Amino acid sequence: MFVRKYQPSDCTELAELFYNTIHTVNAKDYTKEQVDAWATGQVDLYKWNQSLQEHYSIVAVDDTIIVGFGDIDMAGYLERLFIHVNYQRKGIAAHICNQLEQAVQGDIVTHASITAKPFFEKRDYKIVKKQKVERQGIFLTNYVMIKER
């Protein structure tokens with residue numbers, strides 16, 4: 001496995017990984033209605049690509065398969081961190097997160113899902129608040145978390 005910078009040609013595959021991860025891994029902590037609202041399968045690829053290009057964005061690749069990705073903006077907001085369902089618990093998220101955290105100065109903030117909360121807690125992120133976010137009229141719980149540096 002190796003990690004490289006995001007390329008626009010990755011966008012479709014990342015959107016599929018995002019959808020599949022939420023509908024399998026996150027489905028243990030959210031209802032079907034919630035995961036359907038969160039990941040509709042209708043990602044605006046233009047907006048995603050633009051966002052990923054503006055942020056420090058990296059992908060983890062095993063052979064030719066993208067097995068994970070993450071991005072962080074220069075203000076320290078870690079926006080996305082998703083790992084392929086077949087590559088969970090292999091240290092990939094930690095490896096990506098290490099690189100994302102090193103890319104910025106200052107505190108790092110993320111909005112962690114119920115599923116991701118324990119991962120971030122092990123990395124010394126603290127819960128700022130528990131919140132409900134609305135997606136397609138459906139409410140999902142997540143956590144605003146900060147890693148102070």
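**Pocket and helix**

Mentor: This is a predicted model. Its largest pocket holds about 1300 Å³ of space.

Trainee: Which residues are the closest to the centre of the largest pocket?
Mentor: The lining has 46 residues. The closest to the centre are Trp-38, Leu-81, Phe-82, Ser-113 and Ala-116.

Trainee: Which element gives the most to the lining of the largest pocket?
Mentor: Look at the elements that give two or more residues. Among them are α1, β4, α4 and β7. One gives the most, with 7 residues: β4.

Trainee: How many residues of the lining are nonpolar, polar and charged?
Mentor: Sort the lining of the largest pocket by class. The counts are 25 nonpolar, 14 polar and 7 charged.

Trainee: Now α3. Why do its buried residues line one face of the helix?
Mentor: Helix α3 covers residues 45-54, and its buried residues are Trp-48, Asn-49, Ser-51 and Leu-52. Look down the axis of α3. The buried residues line one face because they fall within an arc of 165°.

Trainee: Which residues are exposed on the other side of α3?
Mentor: The buried residues of α3 pack against α1, β2, β3 and β4. Turn to the other side. The exposed residues there are Tyr-46, Lys-47 and Glu-54.

How values were computed:
Residues are numbered from 1 along each chain as its sequence is written. This is a predicted model: local features need pLDDT of at least 70, side-chain atom pairs count only at pLDDT 80 or more; totals for chains, interfaces and linings use all residues. Side-chain values use heavy atoms; hydrogens and water are left out. Buried means under 20% relative accessible area, exposed over 50%, partly exposed in between (1.4 Å probe, protein chains only). Helices (H or I, at least four residues) and strands (E, at least two) are DSSP runs, numbered from the N terminus. The arc is that of the directions from the helix axis to the C-beta atoms. Contact means heavy atoms within 4.5 Å. On a 1 Å grid over the protein atoms alone, a cavity is a set of points where a 1.4 Å probe fits but cannot get out, and a pocket is an open set with protein on both sides within 12 Å along at least five of seven lines; lining residues have an atom within 4 Å of a point. Grid points are joined across faces, edges and corners, and a volume is the space filled by probe spheres set on the points. Ala, Val, Leu, Ile, Met, Phe, Trp, Tyr, Cys and Pro count as nonpolar, Asp, Glu, Lys and Arg as charged, and the others, Gly among them, as polar.
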